[in-house]
Amino acid sequence: MNISAIAIRNPVFTWMLMFGLLLFGALAFRSLGISLDPDVDAPVVNISVRYAGAAPEVMEKDVVDPIESTVVAIEGIESIFSSAAQGRANISLEFDLSKDIDVAVQEVQTALAQAARTLPSDIDPPIVTKSNPEDRPILWLAIRSNEMGRVELMRFVRNRIRDQFTTVSGVSEVILGGYVEPALNVELSLSQLKRYQLSVDDILATIQREHVELPAGRVENDQVEKTLRLMGEALSAEEFAMLQIKRRGGAPNYQPLSLGQVAEVSEGLEEVRRISRVMGESSVGLGIRKQRGANTVEVASLVRQRAEEVRASLPEGVQLSINFDSSPFIEASVNELLRTLLFAALLTAFVCWLFLGTLSATSNIFFAIPTSVIGTFIVIYAMGFTLNSFTLLGLTLAIGIVVDDAIIVLENIMRHRDEGKKKVEAALVGSKEILFAVIATTAALVAMFVPVAFMGGVVGQYFFQFAMTISVAVVLSSVEALTLTPMRCSLFLGQKQRSTWFGRGMDRAMAALRDSYHRVLQVLLGFRWITLILASLLFLGSLYFFRQLPREFSPQVDEGRLFLQFETPMGSSLTYTDKKMREIEGLVMEQEFVERYFIAVGGMGAGGQANVANMFVTLKDRSERDLTQQEIASRLRQVLGQVEGVRVFVRGGMRSLPGGGRGFAVEFSLRGGDWDGLVSLFDGVTEAMEESGLFTDINRGSLRGAPEVWVIPERKKALAAGVDIAELSQAIRVMFGGVVAGLYSREGQRYDVRVQLRAEERQSLDTLKAIQVRNNRGELVPMGGLIQIEERVSPPNITREQRVRSVTVRANLAPGVAQADGIEQALALAREILPDGYYVALSGASASLADSFRNLGWVMLLGVLVAYMVLASQFNSFIDPLVVLAALPFALSGAFMALYFSGQSLNIYSLIGLILLMGIVKKNSILLVEFTNQSRRRGLGVRPALLEACPMRLRPILMTSLATIAAAIPAAINTGAGAETRLPMALVIIGGMFMSTLMTLFVVPCLYSLMARARPPGGAGKIT
């Protein structure tokens, strides 16, 4: 007894199967997270090291290289990237996706412990963190006030605002933009220090001795116990200024002298290296990062609710606004996909009604959609997937596929019912007759996606979710078609009766089409070689369209937001950069398509880059503007490019697929040993790219030398004066760099006490010479006679990839230039310039493009091989699978022509559509081959068997093909959020299905007829 017979004879069990899939699928759907892209962990471990005052070359030689030498032996490392800058270094280790990130962190920490003996003794301990490049803030809030001063605003954000959002469910971290820590600043006067014969060491020692609170024990007797507390810390800036300087050079100072006499003490901020504004007003940004796997839309909603609660309690004059929110686009994109899914289901049902003619039969087919789709949610939930663009795309495109099996089974049962059989008999015979074809088509389609499991990298994980979603939906549809559909037919299916003029006309048209097909097939079977040659020429001709298709990693999506980066000349002060940014802001606010913006001068996060600024620009809704996001980006480049002294880089929204680097279309690195040579080659390559006119936003200038002052000790003079080099270094570090001498309490919070020379005295190099240091005899010696001062140019940072020095070239493309062509041209320009000993390596989106096309190409070929193996096993024939697979080339022809005439590109979405297409189109040829084999097993010859089976299968072939096309139409005509990614995949399905269906009906019978001699009539596997 086969599975269909079990379902027919046990209808209650079969109904429970259906209700169980619907019930638990609905429960799983309610629990699924929502995100734009799959939540995939990229195991990356960061090592950050600080070594105060060390130059980039020193950081590379003494810190980066020893650490890299040790950690490189850790198993599973895919790539190493490091950056050495003034006083700090960062090493990023990217591991294989199979590596447990927690284990990786432990192994890195162990390796660092081994490397500790080779590192400088006075560096700060290395900090090891695990990170995911995809953990970008999902939402940016901004706090601004016209009433509060900067110091008060920073305290307010730290004490009253930040922690209110860290407690929101689903929030992992709140990062601050434009925030500067409050501090108690002790600004020394050089003239007063000289007047009272004090050195910086005297000041630091005074703070450490006079501003201190230590545990003091307790007083206890037989009855009570009391804690002792010595209130040794100053409680206000005024009290701090009254600290007495009681020692000078280690000896007692008998002259009454307070700290306020040699320094200005005030509550303020640490050195301002970051400035942020919203719509021209000073602000502090709060970036909300979600926890891994959390529902992006839900977390953003909770944050917005908390923002409303916080806003209600804000003091007058303080404003809290949402300046950047990724969730509306995500929600709109997901909702569009859900609407597209529903529309696809309705169109598919309409196509089925056109062919079947009765509502009972159509409803039977329609039931296959919710059963398969909703049941798929169970597996999506169990595997930890989310509702994202890839899983929902898979479900949307699966709509036309999941009804195919039900259509095939139902149509065959209806044929027996129309011949006069009773409902149960028709269901038993019809389902048994079609069982092999259903299993074969399902197995062949799933086989196309098996190789996706072997794709490496994060991109492979993305497509794995797509492939699993499609495969599960198809398998469930097959189960539904072999159980639920026959059961429902045995209970409710009536004989086909069309009483309307449209219905009768449709029946006549179908009969006429079947007769015409029979006549044409008779003729073509007499000219089999000519038919196959003409079909081959058609396929070869379609390769022209393939060669003309532009290639890119991913189509540009209009998310309604832009990310702008700005660079002023290397060495520019923060004040200069801020002045230029105000000019930029004025131009941005004049643009009618801009809704709001947030700018961070000095960079994001840790910041500190005085010549860098970043800006988030939120555009008005697409319905309120005439220009697309890409057109707006081009206009902003033109408008903002008129500001002298500023380089402008404009990128699309913050979304990018993994491996997309920093969002630039062209990204590659030049690698070699000599840093100066790399910088020179970088200049040559970027100049050539600029002259070509193919690129925009070229990151020229980022490696220009940073002005640097070298203070060179005169060792002989220092020795004669009795001054240690450490004394010189300490004095310069305190006066110009500032040091933390202690902690200061205010309102239950602890702040740094920073000691530094007054700002106005740090503006001249002459101050260096006037600083006095104490020698080994306790005397103060002017530094001017012990040092030489030289002004030089040095690299702002030194970067390495795979332990080789490298510089990265990044650029966007001029309008009309395809990404693949741009990358090819850029690499050609670079190779012409690079001498021996230097080489080029792709990175970012460029590497992702090459890897994705290569991997997906292999997946496609391997999928065809696996499909052949599965079909050969099922048909028990080496020949039949070749006949079945003959439909594939024409599917490619239709897909290439559809992409070409619609102006679309060949990208990862259209490529994955091709893989899906090659799984779908085999259904039609499987039906023709299997029913022809059945006719031959009944004793018919090859030609009579083809002329009987092919017209008999015409209606289900047309139904399944048109149902698949109808399911793809909503995605093809949709213009909502994220439509740019759905369109190429839908066009591939529509064009490929149309062309392959047309050609399959004629090419497969001709090829079968020619190859029939190579197989016996009973060679196909029988179903008993």
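This report walks through the cores, a strand pair and the cavities of a predicted model.

## Ground rules

Local features need pLDDT of at least 70 and side-chain atom pairs count only at pLDDT 80 or more, while totals for chains, interfaces and linings use all residues. Numbering starts from 1 along each chain as its sequence is written, and side-chain values use heavy atoms, with hydrogens and water left out.

## The nonpolar cores

A nonpolar core is a set of buried Ala, Val, Leu, Ile, Met, Phe, Trp, Tyr and Cys residues joined through side-chain atoms within 4.5 Å; buried means under 20% relative accessible area with a 1.4 Å probe, protein chains only. The largest one has 144 residues, and Phe449, Phe466, Leu914, Leu916 and Leu917 have the most contacts inside it. Helix 13 (residues 389–418) gives the most to this core, with 17 residues; helices here are DSSP runs of H or I, at least four residues, and strands are runs of E, at least two, numbered from the N terminus.

Apart from this core lies another, of 43 residues, with Tyr196, Val200, Ile771 and Val773 among them.

## A covered strand

Four of the five residues of strand 19 (residues 647–651) are buried. Strand 19 pairs with strand 16 (residues 561–567) in the antiparallel sense, over five bridges; pairing takes at least two DSSP bridges. Gln565 has Phe649 of strand 19 as its bridge partner.

## What lines the largest cavity

The lining of the largest cavity includes Leu190, Val200, Met735 and Ile771; a cavity is a set of points on a 1 Å grid over the protein atoms alone where a 1.4 Å probe fits but cannot get out, and lining residues have an atom within 4 Å of a point. Helix 6 (residues 190–195) gives the most to this lining, with three residues.

Key:
On a 1 Å grid over the protein atoms alone, a cavity is a set of points where a 1.4 Å probe fits but cannot get out, and a pocket is an open set with protein on both sides within 12 Å along at least five of seven lines; lining residues have an atom within 4 Å of a point. Buried means under 20% relative accessible area, exposed over 50%, partly exposed in between (1.4 Å probe, protein chains only).
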